[in-house]
Amino acid sequence: MDKITNYPGQPIFTQILSFIDKALVERVTKLHRANRHSKKLMFKDHLVTILYAVFTGCTSIREVQSGLELCLGKLNHFDLKEVPPRSTLSDGNKKRPSAVFAAIYQGLYQKYRHIISDSRLKIEIASKLYILDSSTISLFKAILKPAGRKRNDGKSKGGMKVHTLLKADCNMPSFIKFTAAALHDQQFYQYIKELPDGSVITFDKAYINYEQFALFGQRGIFYVIPQKDNATYKSIKEFELTDDEPAILKDELIEVSYKIEQEGIIIQKTLQLRRIAYYSQKHRSTFIYITNHFDIEAMQIVEIYKNRWQIEKFFKKLKQNFPLTYFLGDNVNAIEIQIWCALIALMLLQVLHRENNSNLSFSILATIVRLHLMNYISITEVISHYKKKRQRKKVISPPPQTKKMAPPPFQIKFAF
């Protein structure tokens, strides 16, 4: 391969930070009054410092300080006048609200969502499809309450749930909410009341709530979920199956009942749903889905739920490239700040990856950035360098030759 000869006057870190508009930082700082609690550590410097820690994989504030102190000649490239002291950075993580960093992420999402959009989805309603799920980050139980029952050995760990709402035609979440791991997933419904009418949402069994499903139906929001194994329902009628969908075993109308409480009185209600049984030849197993969408084909319902694995890939990409195992603070606010900065870093790399039409794997790109963050190398040149494929020289083989029969070995005959 050819050598990289393009050496710009800025390190890779500055090139990546250029995707964050200075006007966005100033607007967020003014809107949230981000500098009111700190006179020594401005929000812009705080953001740059935590992003440096995320990209390099620092596991402590001491590592962050030591790493930046060796880059004193390069700090002016990203407008960092001096390295924040450890105590100042620790106070900033504790006092500056994490909502300021969340606002930066939302601003970047609104600006770059058309760049990071995924047009490879085959389903027609991809622009209306939302995927809901959560991922747990393990923490000490002194910070957040442990999830599940109390263990007999007393070794329970606390945790934080990252509830994520991801748009199917995009590779980054449109909405994120942090809660304690002990909080049930269904509590997240109160935060997605602004879901656009006419949307389609899919999630797993943990979010099944018939009362909420009825509210979705009133707003014209469709949902696709797997049915619980112990679900009770009443079959009303079966829809006719077509030969075009041989994998569909059953398509029927069912009725489920649920209870709600109004003014201290428990009322029993019913809800009609569509139940689809699908046999997967790949997994050699039967999957059952329920939905309130009656106007599309059964296989489209199956394809909608298959796209739910897109959010699992997002969680995998986040945790593999920016492991959230070591935190720069022992309080909830500091942990949320670091998670938001990890999401911002993932967003910036995603934009860089898509803008350059890179065929380089995302994990390799993240590794290159981590290893050469402060080097004066053009990151776009690095990506184009890896685009070039080695041209294998064609070895011209000689024409096949006919094998000549070897003469028989000379034999001496003796006469007796």
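Figure 1. The model is predicted: local features need pLDDT of at least 70, side-chain atom pairs count only at pLDDT 80 or more, and totals for chains, interfaces and linings use all residues. Residues are numbered from 1 along each chain as its sequence is written, and side-chain values use heavy atoms, with hydrogens and water left out. D45 has 15% relative accessibility and counts as buried. A salt bridge here is a side-chain nitrogen of Lys or Arg within 4 Å of a carboxyl oxygen of Asp or Glu. The whole structure holds 11 salt bridges.

**Figure 2. D133 and R308 meet in a salt bridge**. The N to O distance is 3.0 Å. D133 lies in strand β1 (residues 129–139), while R308 lies in the loop between α8 (298–306) and α9 (309–321), so the pair ties together parts that are 175 residues apart in sequence. Helices (H or I, at least four residues) and strands (E, at least two) are DSSP runs, numbered from the N terminus. Are D133 and R308 buried or exposed? Both are buried.

**Figure 3. K250 and E238 link two strands**. Their side chains form a salt bridge at 3.7 Å, N to O. K250 belongs to β7 (residues 248–262) and E238 to β6 (residues 234–238). The two residues are 12 apart, and the pair links distant parts of the chain. K250 is partly exposed at 30% relative accessibility. E238, at 52%, counts as exposed. Elsewhere, salt bridges with shared partners join D133, R308 and E312 into one network.

**Figure 4. The second largest pocket is lined by 19 residues**. Rolling a probe the size of a water molecule over the atoms shows where empty space is left. On a 1 Å grid over the protein atoms alone, a pocket is an open set of points with protein on both sides within 12 Å along at least five of seven lines; a cavity is a set where a 1.4 Å probe fits but cannot get out. Lining residues have an atom within 4 Å of a point. About 420 Å³ of space lies in this pocket. That volume is the space filled by probe spheres set on the points, which are joined across faces, edges and corners. Which residues lie nearest the centre? They are I20, K22, K44, F78 and D79. Two or more lining residues come from each of α1 (12–17), α2 (22–32) and α3. α3 gives the most, with 5 residues. The lining divides into 9 nonpolar, 6 polar and 4 charged residues. Ala, Val, Leu, Ile, Met, Phe, Trp, Tyr, Cys and Pro count as nonpolar, Asp, Glu, Lys and Arg as charged, and the others, Gly among them, as polar.

**Figure 5. Helix α5 has a buried side and a face turned away from it**. The helix spans residues 86–95, and its buried residues are T88, L89, G92 and N93. Seen down the axis, these residues fall within an arc of 135°, so they line one face of the helix. The arc is that of the directions from the helix axis to the C-beta atoms. What covers the buried residues? The cover includes α3 (43–56), α4 (61–69) and α10 (332–355). On the face turned away, K94 and K95 are exposed.

**Figure 6. R33 and R284 have positive phi values**. Most residues other than glycine have a negative phi. Phi of R33 is near 50°. R33 sits in the loop between α2 and α3 and is exposed, with a relative accessible area of 53%. R284 has a phi of about 50°. This arginine is in the loop between β8 (265–280) and β9 (285–291). Its relative accessible area is 61%, so R284 is exposed.

**Figure 7. The protein has 12 helices and 9 strands**. Of its 416 residues, 46% count as buried. Contact means heavy atoms within 4.5 Å. Among contacts between residues at least 6 apart in sequence, 64% join residues at least 24 apart.

Methods:
Buried means under 20% relative accessible area, exposed over 50%, partly exposed in between (1.4 Å probe, protein chains only).
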